[in-house]
Amino acid sequence: MTPIDDDAPPLDPAESLALIERERHNLGRDLSPDPRMMFWPWGIAWLVGFTLFFLRFGPDGRVFVDLPEWIPLTGLALLMVAAGITTGIAGSRVSSRVSGPSTRQGIMYGVSWSIAFTAFSILFGQFSDLLPEDKAGLLWAGGMVALTGALHMAGGAVWNDRDLFVLGAWTSAINVAGILIGPGWHALIVAVAGGGGMIAAGIIGWQRLR
Amino acid sequence: MSDNSEPLVTELDPVIHAQARLRVVSALSVLGEHDRITFPQLQESLRMTAGNLSVHLRKLEDAGYVEVTKTHQGRTPATLVRLTRRGRLAFDDYTAALRALLNP
């Protein structure tokens, strides 16, 4: 049988398979949010925000840089809001290109983050005043980083994305290490290994899509 | 390895055995089973003209391989395209046949 119209002549099998892979890669790339936009804002927020925490609230109550007390928390909060807006825009731009179950999956995943973070905040808010300042800080930071790790692992499961799962497992592991070593060090570990992990995830994801 | 091109033209699905439609179906195969892509996005990813893509989509639609839906996203009319189950099967058979030709 011959092709049913006079389109470009068929390729040989190897060329056809290469063509198939090329088009699948192209569309896959166009339908994925830019990993740099999804991970770098968070990586930078953690790197800068938790470094401020470490400098102001160091191990054993040390103060490396005598910043005003409100600076680290305000800085981290503002950077995280900016990161949330950036990833929200980058994600929704891509999701408008497709309609169907995967769009719903993306929305449900995004909403899970908001709901889970709100719930943790309300829970931790009940204990902030009861704990010494350094332990309260560790509870907040450790809890939020644990949640981030868990949601990244869940995202890896939802999209069968091994890199995302590894990022979540890595984040969870360094978080536990930091918690056990104690307040102050936890902030430094999360800044460097946690923030650095997300920046690395952005680079790896970007190179795979190119 | 088979360097004989005869089986190619006798066994392969004639609907997708044309470069442009193979490209369309390959791209659509990335979508989840019930996901639909907007026409402009498909056109951009495939780097085809709107007219050319429409012609090939119509042929694929006639074969029952794709489903084209007109809808509204907010107030703007949108055309959405998806690969049908039949189209996905045809694509899977086609790639399997290509692999068989390469590694008989």
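In which helix of chain A is Val192(A) found? Val192(A) sits in helix α7, residues 185-209; helices here are DSSP runs of H or I with at least four residues, numbered from the N terminus. This is a predicted model, where local features need pLDDT of at least 70 and side-chain atom pairs count only at pLDDT 80 or more, while totals for chains, interfaces and linings use all residues. Residues are numbered from 1 along each chain as its sequence is written, chains are lettered from A and ligands numbered from 1 in the order written, and side-chain values use heavy atoms, without hydrogens and water.

Val192(A) counts as exposed because its relative accessibility is 52%, and exposed means over 50% (1.4 Å probe, protein chains only). Together with Ile44(A), Leu47(A) and Val48(A), Val192(A) makes a nonpolar surface patch of about 310 Å². Such a patch joins nonpolar side chains within 5 Å, from residues with over 30% relative accessible area and no salt bridge. Helix α2 of chain A, residues 35-56, gives the largest share, three residues.

Now follow helix α2 to Arg56(A). Arg56(A) is buried because its relative accessible area is 11%, and buried means under 20%. The side chain of Arg56(A) reaches the backbone oxygen of Leu67(A) at 2.8 Å.

Next, visit chain B, where Asp35(B) lies in the loop between α2 (19-28) and β1 (36-38); strands are DSSP runs of E with at least two residues. Asp35(B) is buried yet has no salt bridge, meaning a side-chain nitrogen of Lys or Arg within 4 Å of a carboxyl oxygen of Asp or Glu.

Note on methods
Patch = residues over 30% accessible without salt bridge, like charges linked within 9 Å, V, L, I, M, F, W, Y side chains within 5 Å. Areas by Shrake-Rupley, 256 points an atom, 1.4 Å probe, with all protein chains shown as cover. Lys, Arg positive; Asp, Glu negative; His and termini not counted. Polar contact = N/O pair within 3.5 Å; in protein donor to acceptor, adjacent residues only side chain to side chain.
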